[in-house]
Amino acid sequence: MNQKNKTFEENMQRLEMIVRAMERGDVALEESLALFQEGTMLIQNCAKLLDDAELQVKKIVAAADGSPTEEALA
């Protein structure tokens, strides 16, 4: 599965695995660099998913006539 098609939770789970591996300190330099690069891409993907979700969030408020209306969160 392409990283861009993964869910936020899947991306975060992989990112946590990368952090744990790098914190152990038993990863070769080349692998550490590859993991760092993958982690950076995961962070960017997570940020995009959060931005997209934020755009979809709406606040329900009552209109003047009492009917519900949607208002974008500021």
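This protein has 2 helices and 2 strands, and from the N terminus on they follow the order α-α-β-β. The model you are looking at is predicted.

**The whole protein**
- Of the 74 residues in the protein, 18% are buried.
- Take the contacts in the protein with a separation of 6 or more: 40% of them join residues 24 or more positions apart.

**Helix α2 on its own**
- Helix α2 covers residues 29-56, and its 28 residues reach 41 Å from the first C-alpha to the last.
- That reach is close to the 40 Å expected at 1.5 Å a residue.
- Which residues of α2 are buried? They are Ser32, Leu35, Glu38, Gly39, Leu42, Asn45 and Cys46.
- The spacing in that list is worth a look, with one rule in mind.
- An α-helix has 3.6 residues a turn, so residues three or four places apart point the same way.
- What do the buried residues of α2 pack against? Their partner is α1.

**How the two helices meet**
- Helix α1 spans residues 8-24, and its axis lies 9 Å from that of α2.
- The angle between the two is about 150°; angles over 145 degrees count as roughly antiparallel, and α1 and α2 are therefore roughly antiparallel to each other.
- The crossing of α1 past α2 is left-handed.
- On the α1 side, the contact is made by Phe8, Asn11, Met12, Arg14, Leu15, Ile18, Ala21 and Met22.
- On the α2 side, the residues they meet include Ser32, Leu35, Phe36, Leu42, Ile43, Cys46 and Leu50.

- Start with Ser32, which sits in helix α2. Is Ser32 buried or exposed? Its relative accessible area is 17%, and buried means under 20%, so Ser32 is buried.
- Leaving aside residues up to four places away in sequence, Ser32 touches Met22 and Val27. Met22 belongs to the α1 side of the helix contact.
- Now find Ile43, also part of helix α2. With a relative accessible area of 49%, Ile43 is partly exposed, because that label covers values between 20% and 50%.
- Ile43 is also among the α2 residues that α1 meets.
- How many residues separate Ile43 and Met12 in sequence? They are 31 residues apart, while their C-alpha atoms are 8.2 Å apart in space.

Notes:
Residues are numbered from 1 along each chain as its sequence is written. This is a predicted model: local features need pLDDT of at least 70, side-chain atom pairs count only at pLDDT 80 or more; totals for chains, interfaces and linings use all residues. Side-chain values use heavy atoms; hydrogens and water are left out. Helices (H or I, at least four residues) and strands (E, at least two) are DSSP runs, numbered from the N terminus. Buried means under 20% relative accessible area, exposed over 50%, partly exposed in between (1.4 Å probe, protein chains only). Contact means heavy atoms within 4.5 Å. Axes are lines fitted to C-alpha atoms, for helices over the stretch in contact, and angles run from 0 to 180 degrees between N-to-C directions. Angles under 35 degrees count as roughly parallel, over 145 as roughly antiparallel, 65 to 115 as roughly perpendicular and the rest as oblique. A crossing is left-handed if the near helix is turned anticlockwise from the far one by less than a right angle, and right-handed if clockwise. The expected span of a helix is 1.5 Å times one less than its number of residues.
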